[in-house]
Amino acid sequence: MTSEIYRARLRFRVQKYLKIEASEYCFTVAGREVVLTPSPRDCAICDSEWLVMNARGFVSEEEAREFGHKLRSAVELSATATRLGVDVGRGLPTVAFAYGVKEHMATEHSVLIRDNIHGLDVFVDDPRVKIVSMNATAGVLADPQTFLSFASDLHGQAASISRQAQEVILLLNYALMRPEPVAQIVFAISAVEMLGQQETWTESQKHLLAELAVSAETSSLGSEEERLEVADAIKKNLHRLSLRQGVLRLFERLDLAHLKGKWDSVYAERSRLVHGLAPRPGANYSELAQKAVSLCGYILLKALAAELPIASRYTDEFYKLP
């Protein structure tokens with residue numbers, strides 16, 4: 001009996017199209033050949049928003065899935081680091097056929113139709129498998145070499161990062177994938193603020209808060225119930241670091257205190273935009289989006305580098321500070 005061979009297929013969407021005029025591009029990841037193609041395959045890679053990476057020859061589903069999971073994480077982190085922007089999906093189909101149609105094609109034509117998954121798909125690499133895809137797009141071109149080679153370098157490391165680091169990558173990639181400048185500004189800055197909210201009070205501040213709680217309990221002001229409510233709020237740490245305090249604490253931890261002025265400048269422009277409730281008609285926010293994404297990307301990748309040093313390899317190249 002012939003052993004089944006498995007394939008790992010990663011289908012993702014890019015904001016900047018890769019500058020590859022061929023319809024197929026091969027590169028090596030962890031000693032294994034990976035083939036990059038557009039989706040659908042009737043165009044050049046440089047003309048497609050949707051791309052597919054196929055890796056074949058796995059002897060088990062588990063081996064293929066492990067490789068594919070690492071490839072997905074590497075692609076996502078590489079796209080963030082090289083300012084490409086990708087959407088690697090959640091493993092759900094964008095094109096799917098009813099079971100009856102699949103059964104008819106398998107019985108009558110010996111064709112195994114498979115749903116077109118946005119994300120990672122692992123399956124038996126049967127030559128009868130056909131994946132139907134449909135799309136038509138156009139966009140900005142990007143140099144693919146750095147992105148693909150860095151994804152290969154990251155393959156063995158990117159999947160092991162913390163949940164917090166994964167969330168940072170997700171938000172920054174989401175900002176990079178937005179075509180609207182206002183959305184880029186909001187999501188990029190939110191990613192830094194989210195990371196800043198993970199910062200905590202210093203030990204001295206914690207002791208001070210404890211003393212304040214005792215002072216509140218023993219104060220002569222207000223009723224006993226009011227004093228206990230205030231003391232309880234202090235004990236439960238309801239007085240969290242503000243968004244600004246959290247970001248500044250993050251800067252200090254990452255040795256980026258020199259960026260405070262740049263952050264304040266960009267944040268002030270962002271506040272004028274957001275608190276105006278809506279973008280001004282006809283206003284062009286592209287320049288502010290460029291500054292916000294550059295600054296926030298620089299900060300976020302430096303934060304990632306504290307956990308995974310290789311993450312900041314291209315920070316100075318792709319996220320030049322405004």
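Two strands count as paired if DSSP finds at least two bridges between them. Strands (E, at least two residues) and helices (H or I, at least four) are DSSP runs, numbered from the N terminus. The model is a predicted one: local features need pLDDT of at least 70, side-chain atom pairs count only at pLDDT 80 or more, and totals for chains, interfaces and linings use all residues. Numbering starts from 1 along each chain as its sequence is written, and side-chain values use heavy atoms, with hydrogens and water left out.

**View A. The S3–S4 hairpin and its turn.** S3 and S4 make a hairpin with two residues between them. S3 covers residues 25-29 and runs antiparallel to S4, joined by five bridges. Val-29 has Arg-32 of S4 as its bridge partner. At 58% relative accessibility, Ala-30 is exposed (exposed is over 50% relative accessible area, buried under 20%, partly exposed in between; 1.4 Å probe, protein chains only).

**View B. Strand S4 and its other partner, S5.** Five of the seven residues in S4 (residues 32-38) are buried, so the rest of the structure largely encloses this strand. S4 also pairs with S5 (residues 50-58), antiparallel again, over five bridges. Here Leu-36 has Met-53 of S5 as its bridge partner.

**View C. A cis peptide bond at Pro-40.** The bond from Ser-39 to Pro-40 is cis, with omega near 5°. Pro-40 belongs to the loop between S4 and S5.

**View D. Asp-255 in the H8–H9 loop.** Asp-255 lies between helix H8 (243-253) and helix H9 (260-274). Its phi is positive, near 60°, in a residue other than glycine. Asp-255 is exposed, with a relative accessible area of 64%.
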